[in-house]
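The following note comments on the structure shown below.

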Amino acid sequence: MKKSSVILLAAIVLAGLGACSKESLKATYDKQISYIEGFITAQMNADTNATLVRNGNAYRLTLHDTLDRIFGQRDSLREGGRVSLLYACYLLTGSTITTGNLIATNVKTIAEQAKWELSDTLRYKLDTLTLDKSLVSGLQDGLQGVQQYDECVILFTGEFGFGNVERGTIPARSALAYYFWIENIDNEK
């Protein structure tokens, strides 16, 4: 076989493998979207005051959304703004979330429920994030528009999380669900 034929054959095989992996990746993300939709449906059925916003590639489910009636109009987080919050992050491997899927939190009671080691007391405190490009795109999209005192869940597929990169306890291509308890919004620059 000529060298050019071997190179052409190798290129065809590699292109075929790439197409298969793209189809497999699409199937993975499609399955994750079905998990997200199942989770949202169950939560909205359980909490008739919950509201859903889809911003870009993230879904934000605000729970017990009666705060506007209590506090009136509140400031919404904008690009470049800072948000102080408590959080619990879960791998989304189905349409429900359990303590077994918890991968990060700064809420001591949630860590206790998951039977985590609690000796690092500095971990369990309010965090402050800036809404900018330092966050994965799913969080950028999901956090934009949150308001002070919101309790919300932001969900997105692995495509808009860490993609093909394994990050600590987060496997590559993982769908994520972040529970947030928003304490403060500061849009002043």
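1. Confidence. The model is predicted, and its average pLDDT is 86, with 85% of the residues scoring at least 70. Residues 8-20 fall below 50 in pLDDT, and beyond near neighbours in sequence this stretch has zero contacts in the model. Where pLDDT is low, the predicted coordinates should not be read in detail.

2. Overall architecture. Four helices and seven strands make up the secondary structure of the protein. Read from the N terminus, the order of these elements is α-β-β-α-β-β-α-β-α-β-β. Among contacts with a separation of 6 or more, 62% link residues 24 or more positions apart.

3. Surface and burial. The protein has 189 residues, of which 37% count as buried. Its accessible surface comes to about 10800 Å², and carbon and sulfur atoms account for 53% of that surface.

4. Strand 2. How many of the residues of strand 2 are buried? Five of the five residues in this strand, residues 58-62, are buried, so strand 2 is largely enclosed by the rest of the structure. In a regular strand the side chains alternate between the two faces of the sheet. Here Ala-58, Arg-60 and Thr-62 point one way, Tyr-59 and Leu-61 point the other way, and all are buried. The reader may wish to note that this list includes Arg-60.

5. Pairing partners of strand 2. Strand 1, residues 51-55, pairs with strand 2 in the antiparallel sense over five bridges. Within this pair, Leu-52 stands opposite Leu-61. The hairpin formed by strand 1 and strand 2 has two residues between the strands, and Gly-56 takes a positive phi near 60° there. Strand 2 also pairs with strand 6, again in the antiparallel sense, over four bridges.

6. Asn-187. This residue lies in the segment after strand 7. Is Asn-187 buried or exposed? Asn-187 counts as buried because its relative accessibility is 9%, under the 20% cut-off. Its side chain makes a polar contact of 3.0 Å with the side chain of Asp-75. The side chain of Asn-187 also reaches the backbone nitrogen of Arg-78 at 2.9 Å. Leaving aside residues up to four places away in sequence, Asn-187 touches Asp-75, Ser-76, Leu-77, Arg-78 and Gly-81.

7. Positive phi at Lys-115. Although Lys-115 is not a glycine, it has a positive phi of about 60°. Lys-115 is placed in the loop between helix 3 (108-113) and strand 5 (127-130). With a relative accessible area of 74%, Lys-115 is exposed.

8. Positive phi at Arg-173. A positive phi of about 60° is also found at Arg-173, which is not a glycine. Its place is in the loop between strand 6 (151-156) and strand 7 (176-186). Which class of accessibility does Arg-173 fall into? Arg-173 counts as partly exposed, at 35% relative accessibility.

How values were computed. Residues are numbered from 1 along each chain as its sequence is written. This is a predicted model: local features need pLDDT of at least 70, side-chain atom pairs count only at pLDDT 80 or more; totals for chains, interfaces and linings use all residues. Side-chain values use heavy atoms; hydrogens and water are left out. Buried means under 20% relative accessible area, exposed over 50%, partly exposed in between (1.4 Å probe, protein chains only). Contact means heavy atoms within 4.5 Å. Accessible areas come from the Shrake-Rupley method with a 1.4 Å probe; for residues, only the protein chains shown count as cover. A polar contact is a pair of N or O atoms within 3.5 Å; within protein, one must be able to donate a hydrogen and the other to accept it, and residues adjacent in sequence count only if both atoms are side-chain atoms. Two strands pair if DSSP finds at least two bridges between them. pLDDT is the predictor's confidence in each residue, from 0 to 100.
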